[in-house]
Amino acid sequence: MSTDDNNKTVYVLEDTCSVSDVLPGRMYKGTVQGFAAFGTFVYLNANIKGLIHKTKALTIHKENKPIIVLVSNIRNNGNIDLEEVVLADYSLQPIHCKRRTVLLGDLKTKVGRRVVVECEIAQIKQTSGPTIFTLVDATGTENAAGFIEAGKRAFPEANQGDIVRITGEVMQRGGQVQIEIDTLKVLSQEEADEVKKRLDEALNERAEPVDIPFLIESEVLERLRPEIRKIARLIRRAVFTAQPILLRHHADADGVCSAVAIEQAVIGLINDSGGDYDSDYFLFKRSPSKAPFYEIEDVVRDLDYATRDNARFGQKMPMILLTDNGSTEEDIPSMRFARTYGMPIIVFDHHHPDEIVDQYLEAHVNPYHVDGDYGITAGMLGTEIARLIHPPVEEKIRHIPAIAGVGDRSEAPERYQYLELVKNEFDEETCKKIALAIDYLQFYLRFNDGRELVRDLLFLNDNNARSQQLMDLLVEEANLMIDEQMRTCFPHLERSVLPNGAHLIQIDVEIHAHKFTFPPPGKTSGEIHDRICKEYQGGAVVTLGYGPDFIVLRSKGVLMNIPQMVRELRDELPGAGVNGGGHLVVGSIKFVEGMRNEVLVNLVKKIAEFALESQ
Amino acid sequence: MSTDDNNKTVYVLEDTCSVSDVLPGRMYKGTVQGFAAFGTFVYLNANIKGLIHKTKALTIHKENKPIIVLVSNIRNNGNIDLEEVVLADYSLQPIHCKRRTVLLGDLKTKVGRRVVVECEIAQIKQTSGPTIFTLVDATGTENAAGFIEAGKRAFPEANQGDIVRITGEVMQRGGQVQIEIDTLKVLSQEEADEVKKRLDEALNERAEPVDIPFLIESEVLERLRPEIRKIARLIRRAVFTAQPILLRHHADADGVCSAVAIEQAVIGLINDSGGDYDSDYFLFKRSPSKAPFYEIEDVVRDLDYATRDNARFGQKMPMILLTDNGSTEEDIPSMRFARTYGMPIIVFDHHHPDEIVDQYLEAHVNPYHVDGDYGITAGMLGTEIARLIHPPVEEKIRHIPAIAGVGDRSEAPERYQYLELVKNEFDEETCKKIALAIDYLQFYLRFNDGRELVRDLLFLNDNNARSQQLMDLLVEEANLMIDEQMRTCFPHLERSVLPNGAHLIQIDVEIHAHKFTFPPPGKTSGEIHDRICKEYQGGAVVTLGYGPDFIVLRSKGVLMNIPQMVRELRDELPGAGVNGGGHLVVGSIKFVEGMRNEVLVNLVKKIAEFALESQ
Amino acid sequence: MSTDDNNKTVYVLEDTCSVSDVLPGRMYKGTVQGFAAFGTFVYLNANIKGLIHKTKALTIHKENKPIIVLVSNIRNNGNIDLEEVVLADYSLQPIHCKRRTVLLGDLKTKVGRRVVVECEIAQIKQTSGPTIFTLVDATGTENAAGFIEAGKRAFPEANQGDIVRITGEVMQRGGQVQIEIDTLKVLSQEEADEVKKRLDEALNERAEPVDIPFLIESEVLERLRPEIRKIARLIRRAVFTAQPILLRHHADADGVCSAVAIEQAVIGLINDSGGDYDSDYFLFKRSPSKAPFYEIEDVVRDLDYATRDNARFGQKMPMILLTDNGSTEEDIPSMRFARTYGMPIIVFDHHHPDEIVDQYLEAHVNPYHVDGDYGITAGMLGTEIARLIHPPVEEKIRHIPAIAGVGDRSEAPERYQYLELVKNEFDEETCKKIALAIDYLQFYLRFNDGRELVRDLLFLNDNNARSQQLMDLLVEEANLMIDEQMRTCFPHLERSVLPNGAHLIQIDVEIHAHKFTFPPPGKTSGEIHDRICKEYQGGAVVTLGYGPDFIVLRSKGVLMNIPQMVRELRDELPGAGVNGGGHLVVGSIKFVEGMRNEVLVNLVKKIAEFALESQ
C-alpha cells in the first residue's frame, strides 16, 4: 500500500514484544529477513515475523535492510500480513513490552515457550559445553544456558551481579527447567536501577519473616526482636538470591547448638525453595572455629576457598555468619579482610560486645545491646532466628535452646523457660548430658563440623534410639576421662589463701595433666574449679590453670575484672606480650613463655586486691 | 459368555505374573483399562492386558473398574482374548508367581525384557535426575532407576536395607545394565523374612571361601583355620552386598603388609564381581592408624565420613577391619562407638589379646587364642585370609608374609617357611630391605595410605625394575638417617649396671636426638638397643628412650613384665597419670611431664628386681 | 575382463589410503564384501569399496575371500567401477599412504570425515563408558574414544607413551572435537622411532620460544640466556604434550613472585593451545614448600598424588619445576626419589648452587653459574622465563621482578632497572608493601597456594581497587604485628661486644617472642637485626635468634662464613647433630635441644674470630 495519509508514527517493537503486542493498522519498522516465491518475510523484532505478499511490495527488497510496513491483518494462526509503506517523513516510537516479562517462579508453567525474563545474574559457570547462568528474581532462582562454542564463555559482556534481560525458550532437562538463551542484554544503568529497585523491594518483601511469638516470654528477646528479624530477613534473602552462606561458630556446646539450629533452617529453606539437587551442600557450610574469635587464619582459608569458587565456578562471594563469636574487637582484623572482598557479615553472639565491631556488620544481635547478658546464650538466639528463617523447622529444634542454656551455664530466667518447654522429652539432666557429649565429640572432631554425628547427638535424625545410645556412650567416656584427669591433677594442686580471703588454687596443666586429650586445659581448669568450689562450699575461690604461655582463670565470689588486669599487666610488664581477656570473672591470659613467673606473681597480687562478693 | 456353571473360582494375578502364567479356560479378576472401537481392554495385572471383543461384553464398562473375565484364548503373538463373566457368587484365589523372579546375576541376558527381581536395597542415591537403587541378591549387584520427578526421591517408602520386589524393564545404558523401575514393593515382614532367609543362605553359600591349604604347614594356622575362613567369608559377603570396607592397620611394615594383601584381594574380588567402574575406589579404603590401637579420634573421623556418605549418597555403613591392631582393651571405646552405628568389626592381629574385646567383634583371628604367639604376624594372617577372599591374588602376594615376618622380627618357625617359599625371588636380605623401606616411606606418608607407592615397594605393580630402584633408594636414605641419628645419640647414652646384672641404657630422645624426622623415638630407641646388645654380646640389656612424657622400653635377657610395672606405677604414683603397656619385654609408658623423674626412678627400681633369663 | 597382458603388478592399499590414492587402470588386491542384484562389492582396504558389475565377474565370489580387480573407472561421486582379473602369476606391491595422516591441529576442519592420525598417547582414561585416549602430535592435543564394552578398557595393548596410528571418524561432541576410533595400531619399534623422531623435531620446533630481548639490560641474564630459553622450551613442550606441571617454590615473596609469573604463562599457554575446558586446573599445580628446599615429605606427597592420578586417570607423571629452591645438595634425596619415577626436574634459583645437583636436572638456571649472584632473584628469572613461555603474558607480569627484587633485598643493578621499568605504576614503596603483604598472607595460607588471593595481591585480577585495598590492609596488619613482636622482644635482647668489635645481639625467640604468629622466628630475628643495625649505624652487628633447637643468624659487616662454621661445629661437637647453612652471612643452624648451650658458646667464639669488613 502506498500511503500519503497523515499518520506519520512508525512503531519499533522491542525484542521483548510478542505477537499480541502488534496492532493491525499500525506501521512498524522491520527488517527484511528473506524471500519466498510469494513475497518477502520481514522481522518486526527478533521474534516476530510477517509477510509482505508480492502484490503488496513497493520497492526492491534487500536482505537485512530496514523497511517500513503496515500490519494489515493478524490471522488466527498468528501469521501477520504486511503491506510495504514508503514514507518521506515520519517519527519512530519504540514499544516497550515489559509486562511480558515472565517471573522465574512461573517458569515451570512455560515449558516449550519463548519467554523474556529480567533478573540478576547470581552465578556464571562455564562448563565443557554451554555457559550456565544462574538467574535470580524476586520469585525464584533458575538456570539459563548460553552457547557460543563448547567450553567458551557465552555472552562475555555479562558479569555476575549484572541485571539482564534474557529471551529464550524454556526447556525441561531431566525434569529441571532451564532457559536456552537467544538474546541476553545487560541493562543500561538506568534500566538496571529500575529493575534492581523493583527486584529489591520484591525480594525484601519475600524475605520478610513471618510474625510469630518467641518460644518463651522474655523482655530481653522482645527488645532484640527488630534485629533478630533483620538477621532472619538477610539470611532468607541470601538463600533466595543463591548467595552461599558460611557459618562460623565457637566449637563448644552453645556455639554448636546455635549453628545447628541455623543449619536446619537454612537447609530446609534451600530445599523448599527448589534449588538444584544437592545445592544445600554447595550453598551452606558450617565451620567450627579454632579460637573463640574469627582468626586471621580462618578468614584467610575462607577467602581462599571463596575466591577460588568465584573464579572457577562463578559462585557469589558468601555471606558470613558468626555465632557465639564475633562481638569483640579481636574479630576486627578478620572482618576487615572479609569486607575487602565485599562479604557481608552478620553476628549473633552473647559475649560482651565491643561497639567498634558494628561498623563492619550488616546486623548484630547481642543481649548486652538491650541490657541483657550472656545468660541469653547464642543457642537461644540461633534457635529463635532459625524459626523466623524457616518456620517448619521449629518442631525439630525447640529443645536446642535448653541444651545451649545448660551447656553454657546460663542462669538467666530464659534458661528455665526453655527447659520447661521441653521437659517431657528433654529434662535438665538429659540436656546436660547432650551438652557434655557435644563437647566431647567436638574435641575429637577438631574443626570438622561432624554434620551427621552432631545431628544424631541433637536428636535431629529421627532415630531416637541411636541418638540416646550415642549420647550415653559419649557421656560415659567423657566422664571416665574427666575422672582420670582429675585423679591426675588433684595431687598437684597448690592451695593458698589470699589476703582478701579468697582460696587460690594453682596448677600447671601442662606438666601435671594429660595433654592433647579430653578434657583440654580450659575444661580441665573449670572442672577443678567446680570441684574445689564444692569443697569450700560458699567460700570465694580463684583457680588458675597455667601452661608455659597461658593462664586459664576461673573464679567465684571475687569481684574480679580480668580485662582490666590484662591491660595493667600489659603496661607493667613490657616484654611479656600479655594479651587475652574474656568475661569479668572467667577468662584466659596469654604471654611469652619466658615471662610466666612475672605474670603469675603479679596476677596473683592483683587478684588479692579485689573485694569479695558479699555473701 | 454368560456363565452359570459351577466353577466359581476367580483368580487374581499378582503383578509378578506374566502371560505364561495365564491359563485359558480360567476366570480372572481384571480392571478395565480403556476402550477401542472393537472392544474393551482389561488389565489382568499391572503388566498383562487382554481384550473383550465387543461381542463378548455383557455390561457397560467403566474405566478402572473391576471386571471378571474368562480367558478364551491366548494367541501366538501373546494377545489374550477375554469374555466377560458375570458371577453372583465366587471365591477369589491369588496366583503367586514367584518362580518368575529373575536373579540379578542373570540380568545381562534379559536386556529389553520386563523382569521381576526380589532383593535387598544396598544403597539409595538421589541424583539430579532419577533415584538410583543399588540392589543385591545372592547372585550379584545391579542398579535400578526410579523416576518420579527430577531430583526428587522416587519410592520414598523404601529404605536402605529393605527387602523389595521390583518390576521393570532391563535397559542397557552405555553398556551398563540397569532396571527401569515400574513398580517397587517393600515386602511385608513375613515375605521379607522368607526372601531374606533365602538370600542369606545363598549369599553365605556364595561367600563361602574355597578349601585350599595354607601356603605353609603350621599347626597354629591350622587351629586358626575356622576363624580365618569365617573372616574371609564375612569379607566376601560384604563385597557381594556392596557394603563398603574400611581397613585400619598399624602403620608399620607388618601392618602394611597385612593390609595390602587384603587390599589386593578385595579390589580383585570387587572388580571380578562386576561392580560399577571405579567402585573399588568407593567400596574399599585402607587407612594407617596413628596409634597402635583404634583411637577415638580415628573412629570419630571414620564415622563422620561414613554417616555423611550414608546421608548424602545412601551408602551402607562400612564394615571395619582392624589388623595388627584391635586385640586389646585400648580399642574398646572406639569399638563401642562403631557398634552404636551398627558397623561390624573384624580383627586379625597378633598382639596379646584381651578377652573383653570379643564381645564387640564379628570375628577375631589371633594366634594367642590357639597357643600361638606374635611370631605369626599380622602380615602372615592377612595374606592367608586374602588368598581365601580371592584365590587368584595368591601369585602376587605370596612373598608378603616373608616381608612381614622379618619386619616384625618374628622368630616363629612359620617365618622361615614363608622365607623358604619365595627365596628365589625374595631372599631374607631383600625382605629386610623392603620392610625397612616401608617403615621409612610410611613415616613420610604419615597417615596416608600411599597406595601406588606402597604397591611399588611390595613389587605388586608389574614394574620390578622400578620397584627395585625405589627399594634401593629408600633403604639407602633410611640407613643414612639412622646412622646420623645414632651418631648424634651415642655420645649421650647414660650407661649403668643394675643390681640384677642387667646393663641399663638411658637416653633422653627428646633433647639428644633429632626430632620430627626418621627414625622416630621408638625406632631410635630400638636401634640403640640393637647396637648395644651387639656390644654387650650375650649380656642382659634394658634400653630406656625417654621424652618429656613417655618412655620407650626395649629389653633383652630380663624376665620383665611391662604391663605389670605399669599397673604398679599407676597405683604407687597417684598424680603421675601413668598408662601404656605393650608386650612383656617391649613397650612404652606414658605419664604427665611433671612426674617424669619419679616414674623413671621407680621404673628402674622395678626393672632391677626382675630376674635375668638363664643363658 | 580377462587379461593376459604382461602387467603383473597387483597393488595392495593400506588402510590409511583413501579413494584419491586409487589409480584407474591399476590392479588391486581386494576382499569380497557382499552381493547385490547387479554385482559384487569389493573392499580395496578397510575404507574403500568398489563394485564389480555382474557382467565383469569371472568367477564365483565368496564373502571375505581375496580377489584381484582392475579399476576401470572412478566416477565423479567417488564410486569405483571394478573388473575382475584372474592372474596366474603376479607380484604384490603395498601402497603406503602416509601423506594422508591428518595433524591433530587440523582435526577441527575434518568433522564428519574419516581420518588417520599418528601420534603419542599422552593419557588413557577409562570412563564408565568408552576409554578416552588423549593424543599428542606436533600440532596439538585431542581426544579419541575407543569402545569395546562399557567400563572396559578398549585397545588394552596400547599404553601411555606409545606411538600409535589411529583411524576413525571425527565427531563433534558438544563442540569438542573427538575421534571415534575404528582401528588403533601400536607402531612397531621401527615405525615408532621414525614417527617419534619426526614428532620430536616438530615439537621442539613448536616449543622453541620466540627471540625477544629481556625486559632489562643485564650481562648476567645474557649469559643465562641459552639455559633460560631451554627451560622455556621444555615447559612449552610439556604443555604441548599434555604433561602435568608441578611447580614447587619457596614460600616467601621472591619465591611466590617467580612461581606466579610462571603460573600466569603456563595457564595462558594451556588455554591458548586449546586444551579441554578446565584442564589448566588439572595440568598445572603450584605448591609452596615448607622448607627452603625440596623435602622428602613434599616429594612423597607429590609422588603419592602423581602415581594415583597415573593409575586411576592415566595421567602422565608430572614435570617438576623448582624455583627459589632446588640448587643445593639438600634437595638431592628428593630429586633421586623423583628420578626413580622418571619425573624430569627443572630448577631456576638464585641460591648458591652445589654442582652435584646438576646430574639430576634437565635444566638449571642460576646466576652463580655465570658469575652472577643472588641479586638476580628467582622472581626475576621466573618472569623472564614466563615471557618466553607465553609472550602475551608480559604486559601483566612486568612489575613482578621489581617486587621480587625488593622482597629479597637484592642489591644488584638489575633490581633498579626492573624498578625503573614500572615506576609509574609501582614505585619502590609499593613494591615493598606488596612483598610484605605476600609474606604476611603466605604465613596464614601456610602451604596452600592461595591462588586468587595472591593474584589479587599481585594486581593480576584486573581489579586494582580491590588489590590496593587488600595490600593496604595486609600491610597495616603486618606492621601492627611486627611492632607488637618488637615491643615484646626488645626488653629481652642480650647485647655484648665481641673481641673483633662486632656487636652481638642474642635473644631466645622461643620464650621471649610470640609464637605461632606473624612474624615467625626467622623474620622476627631479621627485623630485630635491621632495627639494631640502624641503632649502631655503621657498626658491625651479628644477631642470633635462637630457639630450643635452632639459631637464626643475621649479620652485617662481619666477614662470616656460616657453612664453614656449621661444618666445624659438626666435627667439634659430636652428638650435637649440627646441620644447616644458608648464605655466607645469613643462615640458620639446627641441632639437638640438649646441646644448645654448647652450640651457642662455640658459635659465638667462631663468629668473634672473623674479621670485620673494612668500612
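Me: How much of chain A is buried?
Reply: Buried residues are 56% of the 615 in chain A. Buried means under 20% relative accessible area, with a 1.4 Å probe and protein chains only. Keep in mind that this is a predicted model, where local features need pLDDT of at least 70, side-chain atom pairs count only at pLDDT 80 or more, and totals for chains, interfaces and linings use all residues. Residues are numbered from 1 along each chain as its sequence is written, chains are lettered from A and ligands numbered from 1 in the order written, and side-chain values use heavy atoms, leaving out hydrogens and water.

Me: OK, how many helices and strands does chain A have?
Reply: Chain A has 16 helices and 23 strands. Those are DSSP runs: H or I with at least four residues for helices, E with at least two for strands, numbered from the N terminus.

Me: And is chain A compact or spread out?
Reply: Chain A is more spread out than a compact globule, because its radius of gyration is 33 Å, well over the 25 Å from the globule rule for 615 residues. The radius is taken over C-alpha atoms, and the rule is 2.2 Å times the number of residues to the power 0.38.

Me: What box do the C-alpha atoms fill?
Reply: Roughly 115 × 55 × 45 Å, along the principal axes.

Me: New topic: what rotation puts chain A on chain C?
Reply: A rotation of 120° with 0.3 Å of shift along its axis, giving an RMSD of 0.6 Å. The two copies are therefore related as by a three-fold rotation axis. The superposition is by least squares on C-alpha atoms of residues with pLDDT of at least 70 in both copies.

Me: Which C-alpha of chain A is nearest the axis?
Reply: That of A:Pro548, 8.2 Å from the axis.

Notes: Buried < 20%, exposed > 50% of the residue type's maximum accessible area, 1.4 Å probe, protein only.
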